[in-house]
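The following paragraphs examine how the parts of this structure meet. Please keep the sequence and the three-dimensional view at hand while reading.

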Number of protein chains: 2
Amino acid sequence: MSGILYGLGVGPGDPELLTLKALRLIRENPVIAVPGNDIKASVAYQIVKGAYPKLDEKELIPVAMPMTKDRAVLEDNHNKAADAVESYLKQGKNVVFLTLGDPTIYSTYLYVHKRILERGYQAEIVSGITSFCAVAARLNMGLAEMAEPLHVIPATYKAEEMDELLKLPGTKVLMKSGKRLKKVRDSILRSGQNAVMIENCGMPEEKIYASAKEIPEEAGYYTLLVVKDKK
Amino acid sequence: MSGILYGLGVGPGDPELLTLKALRLIRENPVIAVPGNDIKASVAYQIVKGAYPKLDEKELIPVAMPMTKDRAVLEDNHNKAADAVESYLKQGKNVVFLTLGDPTIYSTYLYVHKRILERGYQAEIVSGITSFCAVAARLNMGLAEMAEPLHVIPATYKAEEMDELLKLPGTKVLMKSGKRLKKVRDSILRSGQNAVMIENCGMPEEKIYASAKEIPEEAGYYTLLVVKDKK
């Protein structure tokens, strides 16, 4: 019998934000796929290691997940990742694939998931805490109440349309602004809305920027903004 | 010294989707606030009881959270809930307040949280798995990829604007359509988009509707729709 692939959300950073199910699946299964070429440098590895110190006793397989928008390079890497996973499933071994946050929201895991399903294997998604919920908790604020919609926007892709997107009513969560941060910040300032920004939420190098005016021109990959309607 | 209020997301239904942090806080603290008049009928109580069978040994306080849009009734109930919590914090006891899903997304807990902070006490939010992430996992599908935005819409409030909202690019999650389901369904059919619906996700009475055409005219409170752009 073939093995099962589990796409496991490990949450945004704090090992205690792993679910009971995530910990059980890591404990019970022999093969753990870790995004990144260098396993021990992987944030997902470090999160799980914090909750499950015996992680190194498992068979750990590194899965290259390059940060690029080049479709051909991505396609090639996703296929290679699926091949690596498939080689274990064929042997009847389950594979637990670690992914930051939740696997259904902007996760590279999902491309492997689809391929494994298409190839006729069983694959399951195990929910994790999303970065935007963790950020709101850290900032001690709600994201959406009553009739307010919540819009989650991948800001690197959408920087050019930001003026329009910021007109949406309700709360806007801008994910991974990264290199487009200056453009995003200028749109927020033009919109006159309130914003808070958090870089490296829950990590030692965490930084909080309490208003739109304080947002710098550049920031790291793990940067998230919450923009709220003026009330 | 005053106690601390912890607003604890217990996830959407499966006790295994509690986080390690949630379980630790329940274990370590003496007073657990449970939404609802009848503690043992409360879904949040049942979820936690599944992960922590000794829950009944704690001091359990019921907190009335009526389902109404009447602002005055809500205000009165939120104040009463805050009073009940405060009476324990004053005695130096921590209170763990259970809430379904995540506390920052359409959670009644948040109204108590704000009041407790305003009254000068310490209150912390502990993230939980949101219902929409659990639904996507259950349906074995992603919610958002690459440049796609994700829009979370409280459909009971927004049924009248649904035709417009469904024009938003990306994935639309329609929460708690409940009594407005017929109107919401008709908007989806007019929009020509794909939709899936799930009622009571992860519970014994779970029902999945695989396309917009199958959506019934009425459904229960725990109903969630995912509407995806045609590709």
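In which sense do strand β6 of chain A and β6(B) pair, and over how many bridges? Strand β6 (residues 150-154) of chain A and β6(B) pair in the antiparallel sense, over 3 bridges. Two strands are taken to pair if DSSP finds at least two bridges between them; strands (E, at least two residues) and helices (H or I, at least four) are DSSP runs, numbered from the N terminus. One of the bridges can be located by residue: A:L150 has B:V152 in β6(B) as its bridge partner.

This is a predicted model, in which local features need pLDDT of at least 70 and side-chain atom pairs count only at pLDDT 80 or more, whereas totals for chains, interfaces and linings use all residues. Residues are numbered from 1 along each chain as its sequence is written, chains are lettered from A and ligands numbered from 1 in the order in which they are written, and side-chain values use heavy atoms, with hydrogens and water left out.

Contact, meaning heavy atoms within 4.5 Å, involves 52 residues of chain B and 52 residues of chain A. The size of an interface is often given as the accessible area lost when the parts come together. Between chain B and chain A, the buried area (accessible area, 1.4 Å probe, lost by two parts on being put together, summed over both) is about 4,400 Å², and carbon and sulfur atoms give 62% of this. On the side of chain B, the residues that lose the most area to chain A are B:E16, B:L20 and B:M146, which together account for 18% of what that side buries.

Side chains of opposite charge can pair when their charged atoms come close. A salt bridge requires a side-chain nitrogen of Lys or Arg within 4 Å of a carboxyl oxygen of Asp or Glu, and the count between chain B and chain A is 4. One of these joins A:E145 to B:K114, with the closest N and O atoms 2.6 Å apart. Elements giving two or more residues to the side of chain B that touches chain A include α1 (20-28), α3 (71-90) and β6 (150-154) of chain B.

Within chain A, the domain assignment (bounds from an automatic or database assignment) gives domain 1 (4-126) and domain 2 (131-228). Their centres, taken over C-alpha atoms, are separated by 27 Å. The contact between them takes 7 residues from domain 1 and 13 residues from domain 2. About 870 Å² is buried between these domains, with carbon and sulfur atoms giving 72%. In domain 1 of chain A, A:P12, A:K69 and A:Y106 lose the most area to domain 2, together 57% of what that side buries. The count of salt bridges between the two domains is 0.

Over all chains, a search of the whole structure finds 35 salt bridges. Among them, the side chains of A:D56 and A:K40 meet at 3.9 Å, N to O. A:D56 lies in the loop between α2 (43-51) and β3 (59-63) of chain A and A:K40 in the loop between β2 (31-35) and α2, so the pair ties together parts that are 16 residues apart in sequence.
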